[in-house]
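Thanks for coming. I will go through the interfaces in this structure, and I will keep it brief.

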Amino acid sequence: MIDRRDFLTTFLGATASAVACKRAPPSPNLVGELGGANFERGHRLREPELRAKLAGPLPVEKVRVAIVGGGPAGLSAAWRLLRAGVRDFVILELEDVAGGTSRGGESAVSRYPLGAHYVPVPGPEARALITLFDELGLVEGREPDGTPIIAEQVLCRAPEERLFYRGTWYEGLYLHAGASPRDLAQFRAFKKELAKWNKWRDPKGRHAFVIPLSRASDDPEVLALDAMSMDAWMRARGFDSPRLRWLVDYGCRDDYALSLEQASAWAGLFYFVSRMGADSQSAELITWPDGNGELVRRLAGSVGDRLRTGMTVGQIDDDGTLGVLDRDGVAKRISAERVIVALPRFVARNVVTSLRGREESAAFDYGAWVVANLHLRDRPTSYGVPFAWDNVLYESKSLGYVVATHQAGRDHGPTVWTWYYAIAEDGKPTREKLLKATHRDWADVAYSDLAPTHREFATLVDRIDVFRWGHAMTRPRVGARVALAKASPATAIGKLHFAHTDLSGVALFEEAHDHGVRAAEEVLAALEIASPTIR
Amino acid sequence: MTLVVSDEPKEVSLLDPPKRRVWGPQAAPAAPERVPEKATATLLLVTVLIIATCGLVYELLASTLASFVLGDAVMQYSTVIGVYLSAMGIGAWLSGRVEGGVARTFVEIEIAVALVGGLSAPVLFMAFAHLSWFRVVLYAIVLVIGILVGMEIPLLLRILRERYAFKDLIARVLTVDYLGALVGSLAFPIFFVPKLGLVRTSLVIGGINALTAIGSTFLLAEDVKPHKTGLLARAGLVLAILIAGTVGAERITLLAEEGLYADEIVYAKQTTYQRIVVTRGRSSFQLFLNGNLQFSSADEYRYHEALVWPALAARAEAGLPTRNVLVLGGGDGLGLRELLKSPGLESITIVDLDPGMTALAKTMPLLRNLNEGSFFDPRVHVVNDDAYVWLGDKRNEALRYDVVIADFPDPNHYALGKLYTTRMYALMKQHLGEGGVISVQSTSPLFARRSFWCIARTMEKAGLEVAPYHVFVPSFGEWGFTLARAAGPAPTPLIPQKLPALPFKPKYLDDPSLRQLFVLARDMESLEVEINRLDNQVLVHYYEAEWKRYL
């Protein structure tokens, strides 16, 4: 049994833990489940007996293209193949449900996210993504610069975010209340720096920070940012305002599970600049009740029965042969003309024969996430500005919560809050605590984090479901970007093509999509199927 | 009650201790052996003062409450006082039938007064909200309280008989009785109504009666001996009920916000969605949602005729019948009332968020009379859902309407602001049949000019041709609406010139005044505004900024 105070202190800090321990823990009757990636099947991938099972003569199924991994990258690759008229392919997914870290859940109250929960309105460079959005009926027109005009109902409804500080909710994510002139001057100067980078172009006319990253500049001036931490970059510019540093740190935790001391300056700036429009304002966010779950659901829907779930792909050879165990543990081989390996890198290196035993690049470091979905019978009262979509706590180590019913326009009655926690701490003890913790331990963290922010909270929570993501996202630490460029992990090997957001060094649906489309277009070229690029 | 004039011109201090020796002869017939305690007698006179005060307050409570909820104060005061006084007569007569155990009966009566009188105001308010035979309940309660109060003094007189000479007894008791009436009649308007409100006054006075019952039990311990415990238990129970009532009333409360409204609250309820309050003024009543006035019965016909008839007139002028109508919001049923008068109307679907609102409009006699029972019309179908969610629901995608009427509360927060966005108007447009017309309540073009024009421009942005218009509603001031239909070529202009042929005359509108609605004076003219979208909700900001100047 984990010590409550110690566990809360690890994940919420000493002050919050002390406060939480003074009030009662959530009732033991509070129900919920502990979910996460299927550890059993995942860990089977490393066991020698799996390889033994896959050795020797086995029945062989022939397909034209095999996509291994049914997350956003694999589903996007499939979508691209379908667009080109390729029908003879399969997607092999380890989990029982496709969607990877973008997937969502559903209850009688609402759909809700289990992981990634929004995509900023893409800039004109994200051509393939805009094509997808167009096909999904989200695009109503184009701005003169090619930025899509997105249908109002999928843009995050105002108010987008609010911030809890000392008992009151404030508008926006930057804590304006009580800011000194010095704070505000630094905030303005910081935004000016961002605007400068937003306007910056290399001699080839490429952006410094743009999505997809395949379009970004590799100019030394940009790469120099990879060599220092975001903290060092801010200090060098005299940005010491606590609330500004909080904002940047929040961004790094939110997208990278890193503190601003751990994240590279490249990553810190990428977070802000990549989602800016031409006017240097933050792009609006596209979201659904189940976050990006909507996107992967619709993509999976178009694939039909080509998607096979519960499939353990234990071996991928360069010649396009896969060793596969189905849901019932029956082994077979799949022989494909081409294979798209749409797996996270930490899985791919255990499965792809020619990656096994290779020294792994420092670029592939993973952060963990805990996502808790809280079912509330009704909306509790809060002081200050009313509920926003994203509700962030200034004084907490968590990332706050998003309201699943916000985007549906349901403003009364039962709701689901999705609470996020990115584990930025390094070191084994934290990870061990994460793995040892029970549902109740995590439910307690989420509960203790949110209970002080709302009246009647305790009486309104009906259930808390916890979802653990042990390897939620690659983390762009100092030096990661240069290391990644050196490793060039997206380069095809034999008949294998690689697609995953890991290959960009950041965890984004847009990057996964871009890699999926690229890998699919590589396959189309290899199969000599004419289809003009959409990237 | 006749004043008995003493033939002995001796000055007597009201609360003088009884001096039996001096006045002995007159009281002699029933003179008991034991010497009355000075304190007991004095305290019994205090009891007279208290019950007299309480008795008068109950009478005033019933009269005031009746005139608040029914209007016509002269009639209510006269009838309530008449019933009350005659009931007291019945009580006085009944007291004569009490043979033994006078003290015990007195305490029992006290407990009964505490219960019935204490709960009278909350029970009457509830009866008013839910029963059409409110008057029956009113007079029954007044009758019961009157009878009980009427028994009190005669019984007390019999108890005190043993302690005072007859002429002093009558003098003292009646003096204290009338003094109590003075206290009650002054405290009621000066302290109770303004500080506590009707419901709390009723409960507090009931509590005082219950405490008096407990006090009397101790005071008359000798006389009630075998029943002492039972009496105390009953009085304690009633006191507990009244305290619980006070706490409960705080929660459901009719009490907390009484000071916020100009008129007396006759109904208040917090539903899941909003706070519904009905107030009653001298000759009209008002509905408030979350503290915002929705209508006053005095002039709502101007608002609702203007909301409904221009749209129906535009249809008629285009040579189109109006058969199916969709009403969004409008749970008070007053828009329905107008629509149901339209010849040829076949079906109305009304989508209102709050089942508490539509149920109230159906059951509260006050509202039901005003909306002419519109919710009972078989052509009306009620859906309780958020209009935004309902319109966007795939299951309703194929539904088409001749007229869509949006009668939402003003956009003073985001949950309401979404109902005035381009997305919402696009959804409304999708649900229009051939030549369909939309009418939208659009806040005040004078007090909230920017908000008014923001609504019109937002509707235009959603692909609608719009015609903004206004009407003067005394309790609101200048009020605005927007008439609209799908943009594009149309056989007739959107602005109607005359009302459709009707078998009756509307209260407000005729053809010239219909045309007049569309004339906006210079201080209500169009100005530059942003478009209200889900992702910016500018209208909520406009609205807040504009109304802040007036509220």
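Before the domains, one term: the domain bounds I quote come from an automatic or database domain assignment. Also, what you see is a predicted model.

On that assignment, chain A has domain 1 (4–30 + 366–474), domain 2 (40–103 + 291–362 + 479–526) and domain 3 (177–271). Let me take domains 1 and 2 of chain A. Their C-alpha centres are 33 Å apart, and the contact involves seven residues from domain 1 of chain A and 10 residues from domain 2 of chain A. Together these two domains bury about 710 Å², with 64% of that on carbon and sulfur atoms.

Which residues supply the area on the domain 1 side? Tyr366(A), Trp469(A) and Thr474(A) supply 62% of what domain 1 of chain A buries against domain 2 of chain A, more than any other three residues. Strand β20 (residues 461–474) of chain A gives the most to that side, with six residues. By class, the side has five nonpolar, two polar and no charged residues. Between the two domains there are zero salt bridges and four residue pairs in polar contact.

Now chain B. Its assignment is domain 1 (20–251), domain 2 (258–294) and domain 3 (299–548). I will look at domains 2 and 3 of chain B, whose C-alpha centres lie 23 Å apart. Here 13 residues from domain 2 of chain B meet 15 residues from domain 3 of chain B. The buried area is about 1,300 Å², and carbon and sulfur atoms give 74% of it. Tyr273(B), Phe285(B) and Gln294(B) supply 40% of the area that domain 2 of chain B buries there, more than any other three residues.

As for polar links between domains 2 and 3 of chain B, the count is zero salt bridges and two residue pairs in polar contact. On the domain 2 side, β2 (275–280), β3 (285–289) and β4 (292–296) of chain B each supply at least two residues. That side has eight nonpolar, four polar and one charged residues.

Last, the interface between the chains. How many residues of each chain take part? It is 16 residues of chain A and 19 residues of chain B. The chains bury about 1,500 Å² between them, 53% of it on carbon and sulfur atoms. There are two salt bridges across this interface. Asp411(A) forms a salt bridge with Lys418(B), with the closest N and O atoms 2.3 Å apart. Nine residue pairs are in polar contact between the chains. The chain A side has seven nonpolar, three polar and six charged residues.

Key:
Residues are numbered from 1 along each chain as its sequence is written. Chains are lettered from A and ligands numbered from 1 in the order in which they are written. This is a predicted model: local features need pLDDT of at least 70, side-chain atom pairs count only at pLDDT 80 or more; totals for chains, interfaces and linings use all residues. Side-chain values use heavy atoms; hydrogens and water are left out. Contact means heavy atoms within 4.5 Å. Buried area is the accessible area (1.4 Å probe) that two parts lose on being put together, summed over both. A salt bridge is a side-chain nitrogen of Lys or Arg within 4 Å of a carboxyl oxygen of Asp or Glu. A polar contact is a pair of N or O atoms within 3.5 Å; within protein, one must be able to donate a hydrogen and the other to accept it, and residues adjacent in sequence count only if both atoms are side-chain atoms. Helices (H or I, at least four residues) and strands (E, at least two) are DSSP runs, numbered from the N terminus. Ala, Val, Leu, Ile, Met, Phe, Trp, Tyr, Cys and Pro count as nonpolar, Asp, Glu, Lys and Arg as charged, and the others, Gly among them, as polar.
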